[in-house]
Amino acid sequence: MSSVAVLTQEIFNEHRSGLLPEQSNGTSVGEEEDALPTYKEAFPPLPEKAASPEGTQETANAWTSKIRSLKSSIITQVFHVPLEERKYKDISQFGEGDQAKVCVDIMQKTGAHLELSLAKDQGLSIMVSGKMDAVMKARKEIVSRLQTQASTTVAIPKEHHRFVIGKNGEKLQELELKTATKIQIPRPDDLSNQIKISGTKEGLEKAKHEILLISAEQDKRAVERVNIDKVYHPFITGAYNKLVGELMQETGARINVPPPSVNKTEVVITGEKEQVALAIVMIKKIFEEKKKNTTTIAVEVKKSQHKYVIGPKGNTLQEILDKTGVSVEIPPSDSSSETIILRGEPDRLGQALTEVYAKANSYTIGMVSAPSWLHRFIIGKKGQNLAKITQQMPKVHIEFTEGEDRITLEGPTKDVQMVQSQIEVTVADLVRMDYTEITVDPKFHRHLIGKGGVNINRIKELHKVTVRIPPDNEKSNLIRIEGDPQGVQEAKKELLELASRMENERTKDLIIEQRFHRAIIGQKGEKIKEVRDKFPEVIINFPDPAQKSDIVQLRGPRNEVEKCAKFMQKIVAEMVENSYSVSVPIFKQFHRNIIGKGGSNIKKIREETNTKIDLPAENSNSEMIVITGKKANCEAARNRVLAIQKELANITEMEVSIPSKLHNSLIGSKGRFVRSIMEECGGVHIHFPTEGSGNDKVTIRGPVEEVAKAKQQLLALAEEKQTKNFTAELQAKPEYHKFLIGKGGGNIRKVRDSTGARIIFPTADDKDQELITVIGTEEAVQEAQKELEELIKGLDNVIEDTMTVDPKHHRYFVSRRGQVLRDLADEYGGVMVSFPRTGSQSEKVIIKGAKECVEAAKKRMQEIVEDLDAQVTVECVIPQKFHRSIMGPKGSRIQQITRDHNVLIKFPEREDLQAPSADIAVKENGETNGELKEALDPNAPKKCDVIVISGRKERCDTALEALKALVPVTIEVEVPFELHRYIIGQKGSGIRKMMDEFEVNIQVPAPDQQSHNIYITGLASQLDRAKEGLLERVKELQAEQEDRALRSYRLTMTVDPKYHPKIIGRKGAVITNIRTEHDVNIQFPEKNDESQDQITITGYEHKAIAARDAIQAIVDELEEMISEDITLDSRVHARIIGARGKGIRKIMDEFKVDLRFPPTGAADPNLVTVIGRPELVDEAIDHLLNLEEEYMADVVENEAKMAYRRPAAFCDLTASQPHTTVQASPWGPKRF
């Protein structure tokens, strides 16, 4: 990277535009070519230090005579990125794509202005303009983002790192900007002395050199600098740095020779004094020897061939130096000089010169003429065609220049010639292609393309053409068609027809609530597919769900759009009608009864009322069941659900008249007051009318006694609100609330009865969990408040008490993670009960809390201890195989017995059936293994069959009876063996359904037994119902068997195979209609069947005969038909067939005939066959001939027009632009 000029922005623009004052006046068109400036005239070189005063004066005059005074604030620098170091090498995307985005980002980030140009060697030239600071920053960004990055490391002593960083990191920043690299120095705590450098190869060399210089300056050892002319450096370093490496190894000194890109003559040597002195002597010796013995010759080599002499990364220069010992000096890339200097011993120069010419001429440049619009066909899709060539000839570089009718080849001579001949053959084939352009409004482009490109891909495949539709961001209305001349014209015609049809289309917006969109579309799009199939010419667009829009857009022919709109509005109207919703409050305990076994009840209600019924989740506190559907159906479903609840419980509904103005005050904030009444009265439902309706009726529903109680409380509260209503609020810790309420609400009921006030505690949803509200008359509220405050005060008075509990009962209280203690704390105001540690044998238990709570908890614990002392253990013997059935799903049955009878039930461990039998054979005299054993009682129950019940005697006895009642019983039911598989059902679905419905286990014997018995196991109360259900199913299956026998009547008819397609119909429409109408199965012969004329009909006898007659009628009609051939010009076939066969279907439907057009490649492409009844065939032929006459007139007219058309030539877009041409420049003639 090097700068070539420092200009102001204004002057540079002036040079680029070619509008210098001296050249803008008095230049005629004829003189323009003679007046073109040379490169040196347009860009005079800057004065050099070694130049003579006269030369300097001339140069200065050249600049000062043509430009204004320089402005130091704005500078311009040009950087060059070689091809091998370019990050983005895709020539087709030059000036766009990622490279352009990077340049825009650099300009925005740094404030500098960038301009890119491409040299002949594919190197990238970047002109950067702006302030010095901005240009340097942009330079660093260009290197890091547009050039490929390499990395290297340099090791210097750890103590020298801080000198590389500099004060506040300034030296490091300066070094990074100067070399355009990224330098990473290890942290102070890192023992490594390696500094990592990332950047371009040139930058790496510069940065490494600068760092080593800094280190050398700071090194306490000897540092010497020797001035050696730059041209002799290669002789000191040697080829591939071998010689300098040997010198360093021999002397032990460190020798730093500046790289070729750094214009310095100093060679720095560091090390011990003796080592440095020895190295200096050896270097000077080499220098003096080479200076004395070497000579130079200059040769002229084309600038474009210099890169071949240099080679990749300078390897060729090193190779020549290694072979011949001659140094080759190449002029800088930004210099116009073509002179290469060879320096070395005279006898070696001849060999080196031969090598230089050999390398320079090893590559050649070839040209192939090809219209620019054919370039992409030569390249192929994704470069496939070009890849075949480059794989065979990888050394050949092929360059396509946009807008130019040529292809440039560069590489070894033989390879270039072979590639050139291949491309010329390809071009010759492609020249026969044609192209045309049509104008279509951009708004129709995406519709021409079609969904997923279906339309445009069809046109491309049908006409064998390529169609380029410009992207949206180009905002162009030109569509380009390329390919075979005939295919181009046909594709053009079809595209214009499509565009014309779209111009006559209509777009309509339907307002459909977004909540209906998913239902209209369907779960997998199946419902909207039906609508689209019904209206194939209408495009239906739904908005994105994230937009929350209600607008559905329809587009297509006017009549079709109107029909589709009416159809969709009808669908929406049905959905609105079916979206009526009603909420039914059902007590939570009855929800499972509403659902029924396996969902049977709820499923039946849904199917019979055609409604959607949603129940709340099991863990939800909600009791509302939501029914959705038509209003009448919802009401019917609601009545059925309420009827189930009414059957299960003594539920009643009562209306109470309360002035509507009191409703809000009765409900309370967030429903607190009415909720407290519902909870206190056994969970009754109280429904108030909608606010503002003026209705005074309040509905109460629930058990009779609770409804009466709720009515009384509601009327009392309403009376209080009407007379003197007073409210007070108290604060109490949430753990005291349960104790204040008391068991079953006993404590709070006493306060309420004695004072007449109503006391409301917070629910779990309330924010303030300590707030207690008291409402009523002023006197009642004050009295209740006083009593409550005394209770709360007593609870705040924490005491500690003790009681004695036998250690054997301690485990009961602390087991299950202290569940019993947690229950005591919840019930008695958060009391804390502490038991002594396990193994201490202490009987003392400490109870801490409010006085009343401690006393109540102590009393309850004494009751528990008494129960434990009175406990007995009862054994219940039930065979182990019934244990799982007794437990019920997830142990629900056993948990219910435990709760109902307040006992503990323990089941034994399951017996391991795989283990060896525990009953060891007893030897004589009862001895086994030398030990005496008591004889086992054969009547004694097995341990695995014994269930242990613990609790009070009377409770254990009742629990025992309840367990025995759960023991399942097995009965046999006689069912014919041939029906077993139907009872089991597909994958056991039938038998599972029966087991779920009747809550029994049904066992069907294995098929190899061929038994006629089925075994039902379950509770005695459920067996009769299960048996009836099974026998009912047997009757159904027997009836189905009889019906199956009647349906299996088989009939065969003979029909000529040529009529089979007509009997089947288009997409099977005819045969499907016959099958559906007569409820039969019709089987046609397979391809490999011997009897190809046999059609088999299976079904009820009378229906099979009717189906046969229907098929025979079709055959009779087909036999009356005739077939006639006519000649229609093949050029009108496409128009007669129409888009997607629409035209031909219309003719066939109208005249009731069948038309057959010739396939591609037919002997006679004009022959069309018409098949049908004689009179209809004649009418159809007349119609077709009329259409041919009408369409042929258009065809002739179009062909006459096309005869005068010529392919549109590319116009030179630069012709009208002002420009200037610079001759003899490094990059060749070029316009700006």
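1. Two strands count as paired if DSSP finds at least two bridges between them. Strands here are DSSP runs of E with at least two residues, helices are runs of H or I with at least four, and both are numbered from the N terminus. With that in hand, look at S11 and strand S12 (residues 339–344): three bridges join these antiparallel strands. At one place along them, Glu329 stands opposite Ile341 in S12.

2. A word on the model before going on. It is predicted, so to speak of a local feature a pLDDT of at least 70 is needed, side-chain atom pairs count only at pLDDT 80 or more, and totals for chains, interfaces and linings use all residues. Residues are numbered from 1 along each chain as its sequence is written, and side-chain values use heavy atoms, leaving out hydrogens and water.

3. Now step back to the sheet around S12. It is open, with three strands in the order S10-S12-S11 and antiparallel pairing. Strand S10 (295–300) and strand S11 (327–329) are the edge strands, each pairing on one side only. On average, neighbouring strands of this sheet are turned by 25° against each other, direction ignored; the axes behind such angles are lines fitted to C-alpha atoms (for helices, over the stretch in contact), and angles run from 0 to 180 degrees between N-to-C directions.

4. Three bridges link S46 to strand S47 (residues 1167–1172), and the two run antiparallel. Arg1156 stands opposite Thr1169 in S47.

5. A salt bridge means a side-chain nitrogen of Lys or Arg within 4 Å of a carboxyl oxygen of Asp or Glu. Because Lys137 and Asp133 are four residues apart in helix H6 (residues 132–146), about one helical turn separates them. Side chains of opposite charge can pair when their charged atoms come close. By this rule, the count comes to 29 salt bridges.
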